[in-house]
Amino acid sequence: PAWHNVRVRGTLVSDHALAWYSGMLPGAIAETYRTEALEIDLRGVCAWAALRFVHGAARVIDRTARRVRVERRDVAEGASDEARFVDVSYDVLVLNIGSTSSLHIDVEPRALPRVITTRPISELLAKTQRFESNFFTDTNDDGPRVVVVGGGAAGVELALAYLTRFE
């Protein structure tokens, strides 16, 4: 393609400066890996790869002007709009906005302390630890029965990780 002979510039916009490598998450749940092993320093990776890193959340996509308005996370609270927002121009826009878990099933409110949602991934270990500290104070000697709903291969990995962790 013709663009192989031109300089391509890339920008990563992320509302978090650290990301978690989801492929290692089941190992962290099973306590095979420490939390720090999952963390990816996005600013550092971008510097290494010669990408511009914008620490913020996309707020507006202007398709006509081919511009994304980003609310920056790395400015002081109370800063002016001019400092808080930055426009990032694009020729190609890739939206990799992830997913969040929302319960679209009826769950009794008293059951919620025993429900662990997997999204956002960066909160899953903390949710697991909270569950452990609450559950294991009032359970019988048989240990918990773990049910993972959904997920294909990732669901199998999570089920095995929780079984390992709670053994």
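The legends below describe an overview and several close-up views of one predicted model.

Residues are numbered from 1 along each chain as its sequence is written.

**Figure 1. Overview of the chain, with 6 helices and 6 strands.** Helices (H or I, at least four residues) and strands (E, at least two) are DSSP runs, numbered from the N terminus. In that direction the order of elements is β-β-α-α-β-α-β-β-α-β-α-α. Of the 167 residues in the chain, 23% are buried; buried means under 20% relative accessible area, exposed over 50%, and partly exposed in between (1.4 Å probe, protein chains only). The chain exposes about 12400 Å², of which carbon and sulfur atoms supply 51%. Accessible areas come from the Shrake-Rupley method with a 1.4 Å probe, and for residues only the protein chains shown count as cover. Taking contacts (heavy atoms within 4.5 Å) between residues at least 6 apart in sequence, 45% join residues at least 24 apart.

**Figure 2. Helix 5, residues 124–135.** From the first C-alpha to the last, the 12 residues of helix 5 reach 16 Å, close to the 16 Å expected at 1.5 Å a residue. The expected span is 1.5 Å times one less than the number of residues. The buried residues of helix 5 are Leu-124, Leu-125, Lys-127, Thr-128, Phe-131, Glu-132 and Phe-135. They lie on the same side of helix 5, because they cover an arc of only 160° around the axis. The arc is that of the directions from the helix axis to the C-beta atoms.

Figure 3. Leaving aside residues up to four places away in sequence, Glu-71 touches His-55, Gly-56, Ala-57, Arg-59, Arg-84 and Phe-85.

**Figure 4. The salt bridge between Glu-71 and Arg-59.** A salt bridge is a side-chain nitrogen of Lys or Arg within 4 Å of a carboxyl oxygen of Asp or Glu, and a search of the whole structure finds 11 of them. The closest N and O atoms of Glu-71 and Arg-59 are 2.9 Å apart. Glu-71 lies in strand 5 and Arg-59 in strand 4 (residues 52–62), so this pair ties together parts that are 12 residues apart in sequence. Arg-59, at 45% relative accessibility, counts as partly exposed.

**Figure 5. The salt bridge between Glu-71 and Arg-84, and its network.** Glu-71 and Arg-84 have their closest N and O atoms 2.9 Å apart. Arg-84 belongs to helix 4 (residues 81–84) and Glu-71 to strand 5, so the pair ties together parts 13 residues apart in sequence. The relative accessibility of Arg-84 is 24%, so Arg-84 counts as partly exposed. Salt bridges that share partners join Arg-59, Glu-71, Asp-81 and Arg-84 into one network.

**Figure 6. The salt bridge between Arg-69 and Asp-87.** Here the closest N and O atoms are 3.1 Å apart. The pair links distant parts of the chain, with Arg-69 in strand 5 and Asp-87 in strand 6 (residues 85–89), 18 residues apart. Arg-69 is partly exposed, with a relative accessible area of 32%. Asp-87 is also partly exposed, with a relative accessible area of 36%.

Key:
Predicted model: local features only at pLDDT ≥ 70, side-chain atom pairs only at ≥ 80, totals over all residues. Heavy atoms only, no water.
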